[in-house]
Amino acid sequence: MITGWLLPIFVVLTLLAAWMARRIPNPPREVEPFRRIPRQVGRALEAGQPLHLALGSGGLIDRDAALTLSGGRILERLVGEAGEIFPFVTVADPVALLYARRALQDAALRHGASISPDQVWWAGASPMAYAAGLTLLLGTQPVVANILSGRFREEAVLAGELSQRYGAHSVFSMPDPGGAAALWPFDPRLAVGEEAFAVPSSGETPGRLSALLLTHDLIRWLLIALLVLGALGLALH
């Protein structure tokens with residue numbers, strides 16, 4: 001009986017939470033590495049040289065899928081803002097390779113251009129092999145900036161050191177504390193932990209992400225309250 005009454009109340013409160021979230025000003029904190037991406041895009045357009053995006057040693061069909069997709073949002077932003085200066089992308093997963101190639105091909109079609117077959121590199125399957133592939137690319141292909149967003153560990157220091165040696169700007173985003181510690185000397189403002197998932201989209205409606213996050217928090221607390229009240233109802237019986 002009590003549970004039957006709680007369900008419609010929960011639905012009404014959920015809709016109320018979604019309505020309130022859209023009206024409560026709650027701008028998200030701007031993460032410094034992602035704030036610098038438009039500046040690097042501008043430098044690429046001025047210099048006529050591409051950016052390099054490394055999606056890490058994770059893939060799209062394993063536990064690192066969410067992190068790889070977060071890096072994919074950076075790729076979508078780069079191809080949307082950099083015009084015909086398409087970025088180079090390095091991946092460690094065949095599915096991520098297809099994803100990145102499709103994103104670049106779609107951008108090329110919008111500009112009436114084509115992409116080079118080596119625009120997306122499969123650098124290696126293991127973390128160390130992938131880091132070695134990054135150093136090979138950075139040593140042979142001049143790039144304006146080196147963006148690392150994905151699953152990286154201590155071996156990422158190789159890419160950071162080589163990027164600094166050739167004068168390329170670096171933007172780092174990763175949840176792994178080992179990779180963050182290795183790259184911290186090159187950029188103390190890197191995105192660490194949950195910050196790595198906070199990539200803004202270039203076409204995102206202002207305030208939409210804040211509303212979604214606030215709605216999620218309100219629904220979570222409403223669900224906790226529903227479970228507590230349901231338990232109390234069963235205990236009273």
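This is a predicted model: local features need pLDDT of at least 70, side-chain atom pairs count only at pLDDT 80 or more; totals for chains, interfaces and linings use all residues.
Buried means under 20% relative accessible area, exposed means over 50%, and partly exposed lies in between (1.4 Å probe, protein chains only).

Residues are numbered from 1 along each chain as its sequence is written, and side-chain values use heavy atoms, with hydrogens and water left out.

**Strand S2**

Helices (H or I, at least four residues) and strands (E, at least two) are DSSP runs, numbered from the N terminus. Val 89 is placed in strand S2, and Thr 90 lies in S2 (residues 88-91). Thr 90 is buried, with a relative accessible area of 0%. Contact means heavy atoms within 4.5 Å; the table leaves out residues up to four places away in sequence.

| Residue | Relative accessible area | Residues touched |
|---|---|---|
| Thr 90 | 0% | His 52, Leu 53, Ala 54, Leu 55, Gly 56, Trp 121, Tyr 130, Leu 134, Leu 137 |

Val 89 and Asp 118 are 29 residues apart in sequence, with a C-alpha to C-alpha distance of 9.0 Å.

**Helices H6 and H7**

Helix H6 (residues 127-140) packs on helix H7 (residues 157-165) at an angle of about 10°, and their axes are 8 Å apart. H6 is therefore roughly parallel to H7. Axes are lines fitted to C-alpha atoms, for helices over the stretch in contact, and angles run from 0 to 180 degrees between N-to-C directions; under 35 degrees counts as roughly parallel, over 145 as roughly antiparallel, 65 to 115 as roughly perpendicular and the rest as oblique.

On the H6 side, Met 128, Ala 131, Leu 134, Thr 135, Leu 138 and Gly 139 meet Leu 158, Ala 159, Leu 162 and Ser 163 of H7. This contact has seven nonpolar, three polar and no charged residues.

**Cavity**

There is one cavity of 30 Å³ or more in the structure. A cavity is a set of points on a 1 Å grid where a 1.4 Å probe fits but cannot get out, and lining residues have an atom within 4 Å of a point. The largest cavity has a volume of about 40 Å³, a volume being the space filled by probe spheres set on the points.

Its lining consists of Ser 57, Pro 127, Tyr 130, Ala 131, Leu 134, Arg 151, Phe 152, Glu 155, Ala 156 and Ala 159. H6 gives the most to this lining, with four residues.

How values were computed:
Ala, Val, Leu, Ile, Met, Phe, Trp, Tyr, Cys and Pro count as nonpolar, Asp, Glu, Lys and Arg as charged, and the others, Gly among them, as polar. On a 1 Å grid over the protein atoms alone, a cavity is a set of points where a 1.4 Å probe fits but cannot get out, and a pocket is an open set with protein on both sides within 12 Å along at least five of seven lines; lining residues have an atom within 4 Å of a point.
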